[in-house]
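Visitor: I'd like to learn how to read a protein fold from its coordinates. Could you walk me through one?

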Amino acid sequence: MNFGGALEALKAGKKVAREGWNGKGMYIYRQEGTTIGPEQGRNEHLRGMEADLIWIRPHIDMKAADGSVVIGWLASQTDMLGEDWVVVE
């Protein structure tokens, strides 16, 4: 599947990955937007904001091979042109 198909799968709530990725168990997924308040551990960059609530917009995250989560994953040109995207069950 191409990257356009992968994006459509993400929008439908699926996890997707590239067959060519080296790390085992890696995939990306769409994270829904959420609102956080001051009690939710804002970091130094968010402290002192005038708004009581901060809207975190929907974005794409990645589960990395080491089990960590990469917040705000960005596709490379190779990823965008790749034809080896698959839905992960």
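Guide: We'll go from the overall layout to the helix, the core and one loop. Keep in mind that this is a predicted model.

Visitor: Where do I start? How many helices and strands does the chain have?

Guide: Two helices and seven strands. Along the sequence they run α-β-β-β-β-β-β-α-β. Buried residues account for 27% of the 89 residues in the chain. Then look at the contacts: of those between residues at least 6 apart in sequence, 56% join residues at least 24 apart.

Visitor: Now helix H1. Which of its residues are buried?

Guide: Start with the general idea: an α-helix has 3.6 residues a turn, so residues three or four places apart point the same way. In this case, the buried residues of H1 are Phe3, Ala6, Ala9 and Leu10. They sit on the same side of H1, because the arc they cover around the axis is only 115°.

Visitor: What do those buried residues pack against?

Guide: E1, E2, strand E5 (59-63), H2 and strand E7 (85-88).

Visitor: How about the two ends of H1?

Guide: At the start, a side-chain oxygen of Asn2 comes to within 3.1 Å of the backbone nitrogen of Gly4. After H1 comes Gly13, with a positive phi near 90°.

Visitor: How should I read the core?

Guide: In soluble globular proteins, nonpolar side chains tend to be buried together. Here the largest nonpolar core has 14 residues, and the members touching the most others are Val16, Trp21, Ile28, Met62, Trp73 and Trp85. Helix H1 (3-11), strand E1 (15-18) and strand E2 (27-31) each contribute at least two residues to this core. H1 gives the largest share, four residues.

Visitor: Take Trp73. Which residues does Trp73 touch, leaving out those up to four places away in sequence?

Guide: Phe3, Trp21, Ile28, Ile60, Asp61, Met62, Asp79 and Trp85.

Visitor: Last one, a loop residue. Where is Ser76 found?

Guide: In the loop between strand E6 (69-70) and helix H2 (77-81). A polar atom of the Ser76 side chain lies 3.0 Å from the backbone nitrogen of Asp79.

Visitor: Why does Ser76 count as partly exposed?

Guide: Because its relative accessibility is 32%, and the partly exposed class lies between the buried cut-off, under 20%, and the exposed one, over 50%.

Note on methods:
Residues are numbered from 1 along each chain as its sequence is written. This is a predicted model: local features need pLDDT of at least 70, side-chain atom pairs count only at pLDDT 80 or more; totals for chains, interfaces and linings use all residues. Side-chain values use heavy atoms; hydrogens and water are left out. A nonpolar core is a set of buried Ala, Val, Leu, Ile, Met, Phe, Trp, Tyr and Cys residues joined through side-chain atoms within 4.5 Å. Buried means under 20% relative accessible area, exposed over 50%, partly exposed in between (1.4 Å probe, protein chains only). Contact means heavy atoms within 4.5 Å. A polar contact is a pair of N or O atoms within 3.5 Å; within protein, one must be able to donate a hydrogen and the other to accept it, and residues adjacent in sequence count only if both atoms are side-chain atoms. The arc is that of the directions from the helix axis to the C-beta atoms.
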